[in-house]
Amino acid sequence: MMFCLELLTIVLFLSWAYGQNLTNAQISVVSSCLASGASHSWEYGTRAEALLELNAPSYSVLSSSHVPPPPEVPSNLTAALNDVFSIARMVVSNRSISNGNIIGPQPLIQDASAADPASIGIAVILANWTGQGNIDDLDYAGAAQDQLDFLFTDVPKTSDGALSHRVDQVQLWSDFVYMVPPFLAYYGVVSNNKSLLVEAYTQISLYRKYLRDTHSNNLWKHVLLGSSDNDEGHWATGNAWAAAGMIRVLGTIQRSQYANQLKGQQKDLANWVREIHGGMYPLLNYNGLFRNYPDDDSTFYDASSTALLASTVYRLSLLWNTHTYLPLAEQCRKAISAPLGAQISVVTTPSKSTSTSSTPTTTSISPPPTSATSNMLHFTPDGWLTPVVNPYSYGSEGQNSPEGQAFVLEMQAAWRDWVADGAKGANGSYKRFSISVSLLWTIVVAHGVCTWLW
(Lines give C-alpha, C1' and ligand atoms only; values in the text may rest on other atoms or scores of the structure.)
Protein backbone atom coordinates (compact mmCIF):
# COMPACT_ATOMS: atom_id res chain seq x y z
CA MET A 1 0.00 0.00 0.00
CA MET A 2 2.85 2.40 0.81
CA PHE A 3 4.34 1.66 -2.61
CA CYS A 4 1.00 2.52 -4.22
CA LEU A 5 0.71 5.80 -2.33
CA GLU A 6 4.23 6.86 -3.25
CA LEU A 7 3.69 6.17 -6.94
CA LEU A 8 0.31 7.87 -6.84
CA THR A 9 1.84 10.95 -5.28
CA ILE A 10 4.37 11.09 -8.10
CA VAL A 11 1.70 10.82 -10.77
CA LEU A 12 -0.58 13.43 -9.22
CA PHE A 13 2.29 15.82 -8.74
CA LEU A 14 3.70 15.49 -12.24
CA SER A 15 0.30 15.79 -13.92
CA TRP A 16 -0.58 18.86 -11.87
CA ALA A 17 2.82 20.54 -12.17
CA TYR A 18 2.70 20.86 -15.94
CA GLY A 19 0.16 23.66 -15.69
CA GLN A 20 2.15 26.13 -13.59
CA ASN A 21 3.87 29.39 -14.46
CA LEU A 22 4.91 32.60 -12.70
CA THR A 23 2.86 35.71 -13.48
CA ASN A 24 4.36 39.12 -14.16
CA ALA A 25 3.14 40.29 -10.76
CA GLN A 26 4.88 37.41 -9.04
CA ILE A 27 8.10 38.03 -10.94
CA SER A 28 7.94 41.67 -9.87
CA VAL A 29 7.63 40.67 -6.21
CA VAL A 30 10.55 38.25 -6.52
CA SER A 31 12.65 40.98 -8.12
CA SER A 32 11.75 43.48 -5.38
CA CYS A 33 12.83 41.05 -2.68
CA LEU A 34 16.13 40.55 -4.51
CA ALA A 35 16.69 44.31 -4.69
CA SER A 36 16.05 44.78 -0.97
CA GLY A 37 17.97 41.69 0.14
CA ALA A 38 21.20 41.80 -1.87
CA SER A 39 24.02 43.04 0.34
CA HIS A 40 27.09 40.90 -0.41
CA SER A 41 29.46 41.01 -3.35
CA TRP A 42 28.23 37.91 -5.15
CA GLU A 43 24.62 38.92 -4.53
CA TYR A 44 25.19 42.23 -6.31
CA GLY A 45 26.84 40.44 -9.22
CA THR A 46 24.18 37.77 -9.47
CA ARG A 47 21.41 40.35 -9.28
CA ALA A 48 22.99 42.35 -12.11
CA GLU A 49 23.22 39.26 -14.30
CA ALA A 50 19.63 38.26 -13.55
CA LEU A 51 18.35 41.76 -14.37
CA LEU A 52 20.19 41.77 -17.69
CA GLU A 53 18.74 38.41 -18.66
CA LEU A 54 15.22 39.27 -17.59
CA ASN A 55 14.81 42.93 -18.49
CA ALA A 56 17.54 43.76 -21.02
CA PRO A 57 18.31 40.51 -22.84
CA SER A 58 19.97 42.25 -25.77
CA TYR A 59 22.68 43.31 -23.29
CA SER A 60 23.10 39.82 -21.81
CA VAL A 61 25.74 37.42 -23.12
CA LEU A 62 23.07 34.73 -23.15
CA SER A 63 20.53 36.46 -25.36
CA SER A 64 22.21 39.20 -27.40
CA SER A 65 23.12 38.65 -31.03
CA HIS A 66 26.64 39.95 -30.49
CA VAL A 67 29.00 40.66 -27.59
CA PRO A 68 29.71 43.42 -26.75
CA PRO A 69 26.30 45.07 -27.29
CA PRO A 70 25.72 48.52 -28.85
CA PRO A 71 27.35 51.27 -26.75
CA GLU A 72 24.34 53.54 -27.11
CA VAL A 73 21.50 52.47 -24.85
CA PRO A 74 18.12 52.38 -26.64
CA SER A 75 15.46 54.54 -25.03
CA ASN A 76 13.24 51.53 -24.35
CA LEU A 77 15.98 49.92 -22.24
CA THR A 78 17.05 52.97 -20.25
CA ALA A 79 15.04 52.07 -17.16
CA ALA A 80 15.98 48.38 -17.27
CA LEU A 81 19.69 49.10 -17.61
CA ASN A 82 19.60 51.81 -14.96
CA ASP A 83 18.93 49.10 -12.38
CA VAL A 84 22.12 47.37 -13.49
CA PHE A 85 24.13 50.58 -13.71
CA SER A 86 23.00 51.56 -10.22
CA ILE A 87 24.77 48.47 -8.88
CA ALA A 88 27.97 49.33 -10.72
CA ARG A 89 27.68 52.96 -9.63
CA MET A 90 27.22 52.07 -5.96
CA VAL A 91 30.16 49.67 -5.95
CA VAL A 92 32.61 51.89 -7.82
CA SER A 93 31.68 55.05 -5.92
CA ASN A 94 32.17 53.24 -2.60
CA ARG A 95 35.54 51.71 -3.44
CA SER A 96 37.51 54.34 -1.55
CA ILE A 97 35.45 53.62 1.56
CA SER A 98 35.69 49.84 1.37
CA ASN A 99 39.33 49.61 0.33
CA GLY A 100 40.93 52.19 2.61
CA ASN A 101 41.87 54.49 -0.29
CA ILE A 102 44.42 52.06 -1.69
CA ILE A 103 45.52 52.50 -5.32
CA GLY A 104 46.25 49.74 -7.80
CA PRO A 105 45.14 46.09 -8.00
CA GLN A 106 42.13 45.53 -5.76
CA PRO A 107 38.73 43.82 -5.80
CA LEU A 108 35.61 45.81 -6.53
CA ILE A 109 34.57 45.13 -2.94
CA GLN A 110 36.85 44.05 -0.10
CA ASP A 111 35.93 40.46 0.63
CA ALA A 112 37.43 37.31 2.16
CA SER A 113 36.57 35.68 -1.16
CA ALA A 114 38.97 36.45 -3.96
CA ALA A 115 36.37 35.45 -6.52
CA ASP A 116 32.98 36.82 -5.48
CA PRO A 117 33.67 40.53 -6.18
CA ALA A 118 34.55 39.69 -9.79
CA SER A 119 30.91 38.74 -10.36
CA ILE A 120 30.10 42.47 -10.36
CA GLY A 121 32.71 43.06 -13.06
CA ILE A 122 30.42 42.61 -16.04
CA ALA A 123 28.07 45.32 -14.77
CA VAL A 124 31.06 47.63 -14.27
CA ILE A 125 32.44 46.89 -17.73
CA LEU A 126 29.01 47.47 -19.25
CA ALA A 127 28.67 50.79 -17.44
CA ASN A 128 31.99 51.88 -18.92
CA TRP A 129 31.11 50.54 -22.37
CA THR A 130 27.88 52.57 -22.49
CA GLY A 131 29.53 55.79 -21.30
CA GLN A 132 28.09 56.00 -17.81
CA GLY A 133 31.34 57.52 -16.59
CA ASN A 134 30.64 60.59 -18.71
CA ILE A 135 27.43 61.05 -16.76
CA ASP A 136 28.52 60.43 -13.18
CA ASP A 137 32.30 61.02 -13.49
CA LEU A 138 33.23 57.58 -12.12
CA ASP A 139 36.19 55.58 -13.41
CA TYR A 140 34.52 52.32 -14.37
CA ALA A 141 37.36 51.33 -16.69
CA GLY A 142 39.92 51.78 -13.90
CA ALA A 143 37.79 49.80 -11.45
CA ALA A 144 37.46 46.89 -13.87
CA GLN A 145 41.19 46.98 -14.62
CA ASP A 146 42.02 46.95 -10.89
CA GLN A 147 39.75 43.94 -10.40
CA LEU A 148 41.42 42.09 -13.27
CA ASP A 149 44.92 42.92 -12.03
CA PHE A 150 43.99 41.84 -8.50
CA LEU A 151 43.06 38.36 -9.72
CA PHE A 152 46.40 37.81 -11.41
CA THR A 153 48.77 39.62 -9.03
CA ASP A 154 47.32 39.24 -5.52
CA VAL A 155 45.27 36.04 -5.54
CA PRO A 156 47.09 32.79 -4.68
CA LYS A 157 46.84 29.85 -7.06
CA THR A 158 47.64 26.19 -7.40
CA SER A 159 50.90 25.02 -8.97
CA ASP A 160 49.08 24.46 -12.28
CA GLY A 161 47.44 27.89 -12.28
CA ALA A 162 43.96 27.55 -10.78
CA LEU A 163 43.15 30.85 -9.08
CA SER A 164 42.03 30.51 -5.48
CA HIS A 165 38.49 31.28 -4.40
CA ARG A 166 39.92 32.61 -1.14
CA VAL A 167 42.30 35.47 -0.45
CA ASP A 168 44.12 34.04 2.57
CA GLN A 169 44.88 30.57 1.21
CA VAL A 170 44.70 28.42 -1.90
CA GLN A 171 41.24 26.91 -1.79
CA LEU A 172 38.95 25.93 -4.65
CA TRP A 173 35.16 26.37 -4.44
CA SER A 174 32.72 25.33 -7.14
CA ASP A 175 31.12 28.81 -6.78
CA PHE A 176 34.24 30.29 -8.43
CA VAL A 177 33.16 29.20 -11.90
CA TYR A 178 30.19 31.58 -11.83
CA MET A 179 32.15 34.48 -10.33
CA VAL A 180 35.45 34.77 -12.22
CA PRO A 181 35.51 33.10 -15.68
CA PRO A 182 32.49 35.04 -17.04
CA PHE A 183 34.20 38.29 -15.99
CA LEU A 184 37.46 37.27 -17.67
CA ALA A 185 35.64 36.29 -20.86
CA TYR A 186 33.61 39.51 -21.02
CA TYR A 187 36.68 41.64 -20.36
CA GLY A 188 38.47 39.77 -23.14
CA VAL A 189 35.76 40.43 -25.70
CA VAL A 190 35.45 44.13 -24.88
CA SER A 191 39.22 44.67 -24.88
CA ASN A 192 39.88 42.48 -27.94
CA ASN A 193 42.04 40.19 -25.83
CA LYS A 194 41.58 36.60 -26.95
CA SER A 195 43.95 35.34 -24.27
CA LEU A 196 41.47 36.34 -21.56
CA LEU A 197 38.73 34.23 -23.15
CA VAL A 198 41.17 31.33 -23.28
CA GLU A 199 42.04 31.98 -19.64
CA ALA A 200 38.35 31.88 -18.68
CA TYR A 201 38.11 28.47 -20.32
CA THR A 202 41.36 27.32 -18.71
CA GLN A 203 40.22 28.26 -15.22
CA ILE A 204 37.03 26.23 -15.70
CA SER A 205 39.06 23.31 -17.00
CA LEU A 206 41.35 23.43 -13.97
CA TYR A 207 38.48 23.64 -11.52
CA ARG A 208 36.81 20.70 -13.24
CA LYS A 209 40.05 18.74 -12.93
CA TYR A 210 40.05 19.23 -9.16
CA LEU A 211 36.37 19.20 -8.24
CA ARG A 212 34.71 16.72 -10.61
CA ASP A 213 34.04 13.45 -8.80
CA THR A 214 34.25 10.66 -11.35
CA HIS A 215 33.17 8.17 -8.67
CA SER A 216 29.84 9.99 -8.23
CA ASN A 217 28.62 10.32 -11.80
CA ASN A 218 30.67 13.49 -12.34
CA LEU A 219 29.02 15.57 -9.62
CA TRP A 220 31.29 18.36 -8.44
CA LYS A 221 32.68 18.51 -4.94
CA HIS A 222 32.15 21.82 -3.20
CA VAL A 223 35.40 22.91 -1.47
CA LEU A 224 38.88 21.40 -1.80
CA LEU A 225 42.39 22.29 -0.61
CA GLY A 226 43.13 24.88 2.03
CA SER A 227 43.66 24.39 5.75
CA SER A 228 40.03 24.32 6.87
CA ASP A 229 36.35 24.29 5.85
CA ASN A 230 36.75 21.64 3.16
CA ASP A 231 33.52 20.20 1.82
CA GLU A 232 33.89 17.19 -0.44
CA GLY A 233 30.12 16.77 -0.59
CA HIS A 234 28.27 17.39 -3.84
CA TRP A 235 26.51 20.61 -2.90
CA ALA A 236 23.55 21.23 -5.23
CA THR A 237 24.07 24.98 -5.49
CA GLY A 238 27.77 24.46 -6.15
CA ASN A 239 27.00 22.21 -9.10
CA ALA A 240 24.47 24.76 -10.35
CA TRP A 241 26.94 27.64 -9.90
CA ALA A 242 29.50 25.72 -11.97
CA ALA A 243 27.08 24.88 -14.77
CA ALA A 244 25.78 28.45 -14.91
CA GLY A 245 29.29 29.89 -15.06
CA MET A 246 30.18 27.58 -17.94
CA ILE A 247 26.99 28.63 -19.75
CA ARG A 248 27.97 32.31 -19.43
CA VAL A 249 31.43 31.72 -20.83
CA LEU A 250 29.99 29.60 -23.64
CA GLY A 251 27.53 32.35 -24.54
CA THR A 252 30.25 35.00 -24.41
CA ILE A 253 32.60 33.09 -26.72
CA GLN A 254 29.82 32.03 -29.08
CA ARG A 255 28.73 35.63 -29.69
CA SER A 256 32.21 37.12 -29.78
CA GLN A 257 34.66 37.97 -32.54
CA TYR A 258 36.63 34.87 -31.54
CA ALA A 259 33.83 32.34 -31.96
CA ASN A 260 35.36 30.59 -34.99
CA GLN A 261 38.78 30.42 -33.35
CA LEU A 262 37.49 28.85 -30.14
CA LYS A 263 35.15 26.14 -31.38
CA GLY A 264 36.89 23.42 -29.40
CA GLN A 265 36.51 25.38 -26.17
CA GLN A 266 32.81 25.90 -26.87
CA LYS A 267 32.29 22.19 -27.42
CA ASP A 268 34.04 21.34 -24.18
CA LEU A 269 32.00 23.85 -22.19
CA ALA A 270 28.73 22.52 -23.59
CA ASN A 271 29.77 18.95 -22.81
CA TRP A 272 30.84 19.88 -19.28
CA VAL A 273 27.49 21.53 -18.58
CA ARG A 274 25.69 18.44 -19.81
CA GLU A 275 28.04 16.35 -17.67
CA ILE A 276 26.79 18.14 -14.56
CA HIS A 277 23.20 17.74 -15.74
CA GLY A 278 23.84 14.04 -16.13
CA GLY A 279 25.06 13.78 -12.56
CA MET A 280 22.35 15.92 -11.00
CA TYR A 281 19.05 15.13 -12.70
CA PRO A 282 18.95 11.40 -11.92
CA LEU A 283 18.84 12.56 -8.29
CA LEU A 284 15.86 14.90 -8.73
CA ASN A 285 13.08 14.17 -6.24
CA TYR A 286 9.44 13.47 -7.13
CA ASN A 287 8.46 16.94 -5.87
CA GLY A 288 10.61 18.60 -8.52
CA LEU A 289 13.32 19.82 -6.11
CA PHE A 290 16.88 18.80 -5.37
CA ARG A 291 18.09 18.29 -1.86
CA ASN A 292 20.86 20.56 -0.57
CA TYR A 293 23.20 17.65 -1.22
CA PRO A 294 21.31 15.74 -3.95
CA ASP A 295 22.86 12.37 -3.13
CA ASP A 296 22.15 12.69 0.60
CA ASP A 297 18.49 12.12 1.48
CA SER A 298 19.05 13.37 5.02
CA THR A 299 19.51 16.94 3.76
CA PHE A 300 16.68 19.41 3.18
CA TYR A 301 15.06 20.34 -0.12
CA ASP A 302 16.45 23.41 -1.86
CA ALA A 303 14.48 25.36 -4.45
CA SER A 304 17.29 27.84 -5.16
CA SER A 305 19.74 25.37 -6.71
CA THR A 306 16.81 23.74 -8.49
CA ALA A 307 15.95 27.04 -10.20
CA LEU A 308 19.50 27.87 -11.25
CA LEU A 309 20.21 24.44 -12.68
CA ALA A 310 16.94 24.50 -14.62
CA SER A 311 17.98 27.80 -16.19
CA THR A 312 21.13 26.14 -17.54
CA VAL A 313 19.08 23.42 -19.22
CA TYR A 314 17.07 25.99 -21.19
CA ARG A 315 20.25 27.91 -22.01
CA LEU A 316 22.07 24.80 -23.23
CA SER A 317 19.11 24.07 -25.47
CA LEU A 318 19.33 27.58 -26.93
CA LEU A 319 23.11 27.79 -27.21
CA TRP A 320 23.99 24.24 -28.20
CA ASN A 321 20.80 22.57 -29.44
CA THR A 322 20.94 20.05 -26.58
CA HIS A 323 17.52 19.15 -25.20
CA THR A 324 18.13 16.04 -23.11
CA TYR A 325 17.03 17.33 -19.73
CA LEU A 326 14.24 19.68 -20.78
CA PRO A 327 11.44 17.48 -19.35
CA LEU A 328 13.08 17.57 -15.93
CA ALA A 329 13.84 21.29 -16.12
CA GLU A 330 10.18 21.85 -16.94
CA GLN A 331 9.18 19.72 -13.98
CA CYS A 332 11.39 21.86 -11.75
CA ARG A 333 10.11 25.16 -13.13
CA LYS A 334 6.48 24.17 -12.80
CA ALA A 335 7.09 22.86 -9.28
CA ILE A 336 8.62 26.16 -8.19
CA SER A 337 5.62 27.99 -9.70
CA ALA A 338 3.07 25.75 -7.98
CA PRO A 339 0.00 26.93 -6.04
CA LEU A 340 -0.17 26.56 -2.29
CA GLY A 341 -3.06 24.12 -2.37
CA ALA A 342 -0.75 21.37 -3.58
CA GLN A 343 1.37 21.65 -0.45
CA ILE A 344 -1.40 20.44 1.83
CA SER A 345 -3.10 18.03 -0.55
CA VAL A 346 -4.12 14.91 1.33
CA VAL A 347 -4.18 11.80 -0.80
CA THR A 348 -6.22 9.00 0.74
CA THR A 349 -7.26 5.58 -0.44
CA PRO A 350 -10.81 4.40 0.15
CA SER A 351 -11.61 1.86 2.81
CA LYS A 352 -12.52 -1.60 1.55
CA SER A 353 -15.66 -1.47 3.69
CA THR A 354 -16.97 1.77 2.19
CA SER A 355 -15.94 1.76 -1.43
CA THR A 356 -15.03 -0.51 -4.28
CA SER A 357 -13.31 2.28 -6.22
CA SER A 358 -9.56 2.42 -6.62
CA THR A 359 -9.64 6.15 -7.36
CA PRO A 360 -8.01 8.28 -4.65
CA THR A 361 -9.58 11.40 -3.23
CA THR A 362 -7.70 14.65 -2.88
CA THR A 363 -8.38 17.52 -0.51
CA SER A 364 -6.81 20.95 -0.98
CA ILE A 365 -7.21 24.06 1.12
CA SER A 366 -5.75 27.43 0.19
CA PRO A 367 -6.03 30.65 2.17
CA PRO A 368 -7.41 33.68 0.36
CA PRO A 369 -4.62 35.49 -1.48
CA THR A 370 -3.38 38.76 -0.01
CA SER A 371 -0.41 39.31 -2.31
CA ALA A 372 0.95 38.04 -5.61
CA THR A 373 2.78 35.18 -3.87
CA SER A 374 0.48 34.46 -0.93
CA ASN A 375 -1.05 31.44 -2.62
CA MET A 376 2.19 29.83 -3.79
CA LEU A 377 3.78 26.63 -2.58
CA HIS A 378 7.41 27.68 -2.83
CA PHE A 379 7.17 31.39 -2.02
CA THR A 380 6.32 33.12 1.23
CA PRO A 381 3.46 35.67 1.18
CA ASP A 382 6.04 38.46 0.99
CA GLY A 383 7.74 36.90 -2.02
CA TRP A 384 10.76 34.92 -0.81
CA LEU A 385 11.59 31.57 -2.38
CA THR A 386 11.33 28.58 -0.04
CA PRO A 387 12.79 26.15 0.96
CA VAL A 388 16.32 27.44 0.41
CA VAL A 389 19.81 26.85 1.67
CA ASN A 390 21.21 29.57 3.91
CA PRO A 391 23.38 31.58 1.48
CA TYR A 392 25.82 32.37 4.29
CA SER A 393 26.00 28.85 5.76
CA TYR A 394 25.76 26.25 3.03
CA GLY A 395 25.00 23.33 5.33
CA SER A 396 21.95 24.95 6.90
CA GLU A 397 18.46 25.67 5.67
CA GLY A 398 17.81 29.40 5.33
CA GLN A 399 14.95 31.87 5.35
CA ASN A 400 15.61 34.63 2.82
CA SER A 401 18.09 34.03 0.01
CA PRO A 402 18.84 36.91 -2.37
CA GLU A 403 20.74 34.58 -4.67
CA GLY A 404 17.72 32.28 -4.73
CA GLN A 405 15.58 35.19 -5.92
CA ALA A 406 18.08 35.88 -8.69
CA PHE A 407 18.04 32.22 -9.70
CA VAL A 408 14.27 32.34 -10.12
CA LEU A 409 14.60 35.35 -12.43
CA GLU A 410 17.33 33.60 -14.42
CA MET A 411 15.17 30.50 -14.74
CA GLN A 412 12.19 32.55 -15.88
CA ALA A 413 14.26 34.52 -18.42
CA ALA A 414 15.83 31.35 -19.81
CA TRP A 415 12.45 29.66 -20.15
CA ARG A 416 10.95 32.74 -21.82
CA ASP A 417 13.78 32.88 -24.36
CA TRP A 418 13.48 29.14 -25.00
CA VAL A 419 9.75 29.46 -25.66
CA ALA A 420 10.29 32.51 -27.90
CA ASP A 421 12.80 30.46 -29.91
CA GLY A 422 10.15 27.84 -30.58
CA ALA A 423 10.61 25.59 -27.52
CA LYS A 424 12.87 23.32 -29.55
CA GLY A 425 13.04 19.82 -28.22
CA ALA A 426 9.75 20.14 -26.36
CA ASN A 427 7.50 17.97 -28.52
CA GLY A 428 9.39 14.74 -28.11
CA SER A 429 9.96 15.47 -24.45
CA TYR A 430 6.29 16.08 -23.75
CA LYS A 431 5.31 12.96 -25.68
CA ARG A 432 7.73 10.74 -23.77
CA PHE A 433 6.65 12.36 -20.54
CA SER A 434 2.96 11.77 -21.24
CA ILE A 435 3.60 8.13 -22.04
CA SER A 436 5.58 7.63 -18.86
CA VAL A 437 2.86 9.27 -16.75
CA SER A 438 0.15 7.15 -18.35
CA LEU A 439 2.14 4.00 -17.77
CA LEU A 440 2.86 4.94 -14.17
CA TRP A 441 -0.82 5.72 -13.55
CA THR A 442 -1.77 2.32 -14.94
CA ILE A 443 0.68 0.65 -12.58
CA VAL A 444 -0.66 2.60 -9.61
CA VAL A 445 -4.31 1.83 -10.36
CA ALA A 446 -3.57 -1.82 -10.97
CA HIS A 447 -1.61 -2.07 -7.75
CA GLY A 448 -4.40 -0.34 -5.85
CA VAL A 449 -7.05 -2.69 -7.22
CA CYS A 450 -4.97 -5.74 -6.43
CA THR A 451 -4.33 -4.49 -2.91
CA TRP A 452 -8.05 -3.87 -2.32
CA LEU A 453 -9.02 -7.29 -3.66
CA TRP A 454 -6.43 -8.94 -1.51
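Contact here means heavy atoms within 4.5 Å. With that in hand, let's take a friendly walk through this predicted model.

Look for Ser337 in the loop that runs between helix H15 (326-336) and strand S7 (346-348). Ser337 has a relative accessibility of 4%, and since buried means under 20%, this serine counts as buried.

Which residues is Ser337 in contact with, leaving aside its neighbours within four places in sequence? They are Gln20, Asn21, Leu22 and Met376. The side chain of Ser337 also reaches the backbone oxygen of Arg333, at 2.9 Å.

## Helix H10

Now to helix H10, residues 181-190. Nine of its 10 residues are buried, so the helix is largely enclosed by the rest of the structure. The buried set consists of Pro181, Pro182, Phe183, Leu184, Ala185, Tyr186, Tyr187, Gly188 and Val189.

What do these buried residues pack against? Their partners are helices H6 (121-129), H8 (140-153), H9 (176-179), H11 (194-211) and H12 (236-254). Just after H10, Asn192 adopts a positive phi of about 55°.

## Cysteines

How many disulfides does the model have? Taking a disulfide as a pair of cysteine sulfur atoms within 2.5 Å, the count is zero.

Key. Residues numbered from 1 in each chain as written. Predicted model: local features only at pLDDT ≥ 70, side-chain atom pairs only at ≥ 80, totals over all residues. Heavy atoms only, no water. Buried < 20%, exposed > 50% of the residue type's maximum accessible area, 1.4 Å probe, protein only. Helix = DSSP H or I, 4+ residues; strand = E, 2+ residues; numbered from the N terminus. Polar contact = N/O pair within 3.5 Å; in protein donor to acceptor, adjacent residues only side chain to side chain.
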